[in-house]
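Let's take a walk through a protein fold together. Keep the picture open beside you and follow along as we go from one spot to the next.

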Amino acid sequence: MKIERILLPTDFSEGSNNALKYAASLSKEYGAKLYLMHVIHDISATAGWHVPHMQLDQIYKEMEENAAKDLERYCREALKEIKDIKTILVRGLPAEEIIKAASDEKIDLIVIGTYGRRGIERIIFGSTAEKVVRSAPCPVLSVKVPEYKL
C-alpha cells in the first residue's frame with residue numbers, strides 16, 4: 001500500500017483535534033504530504049436563507065480570516081514536525097468539498113474526526129464523516145472522540 005497524500009479535514013473541534021494525531025503520525029510514518037483542509041460552511045446553500053449580500057460577504061470574510069489563522073496555528077504548533085503540508089480553505093458544503101479535494105489532489109487516505117452523534121442531533125446535523133466515507137474516492141479513516149480520557 002502506497003500512501004503519499006493524506007487529507008485531514010478539520011473544523012477545529014475536539015473530534016478533528018483527535019484525528020489530527022492520527023494524520024500526523026501516518027504522515028510521518030509514510031513520509032506523506034499532509035493536506036490540512038477547512039471548509040467554511042455555506043449557509044445559504046444549506047438552508048436556502050436569504051441574507052443580504054453585503055452582510056453575508058462580511059461574515060464570510062471574517063470566517064475566512066479566522067480559519068486561516070487557525071490553520072496557520074495548527075501548522076506551527078500541532079504539526080511542526082511535518083515538513084510537507086498544504087492548507088486548503090474553501091467555502092461550500094463540507095462533505096462535498098472534502099470529496100472534491102480528495103479527487104482533485106489525488107489523495108490516498110482521508111483521516112476525519114467524527115462525533116458519534118445520535119438521535120435528533122444526528123438528524124439535524126447529519127454526519128459529514130459518514131457522507132465522506134460513502135462517497136470518497138479513496139480509503140477513509142474515521143476517528144471518534146474517545147469515550148474515556150486517561
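Start with Ser27, which you'll find in helix H1, the stretch covering residues 14-30. Keep in mind that you're looking at a predicted model. Is Ser27 buried or exposed? Its relative accessibility is 3%, and anything under 20% counts as buried, so Ser27 goes in the buried group. And what does Ser27 touch, if you skip residues up to four places away in sequence? The answer is Ile6, Ala32, Leu34 and Ile82.

Zoom in on one pair of strands. S1, residues 5-9, runs parallel to S2, residues 33-41, and 5 bridges join the two.

Next up are the charged side chains. How many salt bridges does the count come to? It comes to 10. One of them joins the side chains of Lys61 and Glu65, with 3.9 Å from N to O. Both residues lie in helix H3 (residues 53-78), 4 residues apart, which is about one turn of the helix. Lys61 has 45% relative accessibility, so it counts as partly exposed, and Glu65, at 40%, counts as partly exposed as well.

Another salt bridge connects Glu77 and Arg76, at 3.6 Å from N to O. Glu77 has a relative accessible area of 44%, so it's partly exposed; for Arg76 the value is 47%, again partly exposed. These two also belong to a network of salt bridges that links Glu72, Arg76 and Glu77.

Finally, find the salt bridge between Glu105 and Lys86, at 2.8 Å from N to O. This pair ties together distant parts of the chain: Glu105 is in the loop between H4 and S4, while Lys86 is in strand S3, 19 residues apart. Lys86 is partly exposed, with a relative accessible area of 31%.

Technical notes
Residues numbered from 1 in each chain as written. Predicted model: local features only at pLDDT ≥ 70, side-chain atom pairs only at ≥ 80, totals over all residues. Heavy atoms only, no water. Pairing = 2+ DSSP bridges. Buried < 20%, exposed > 50% of the residue type's maximum accessible area, 1.4 Å probe, protein only. Contact = heavy atoms within 4.5 Å. Salt bridge = Lys/Arg side-chain N within 4 Å of Asp/Glu carboxyl O.
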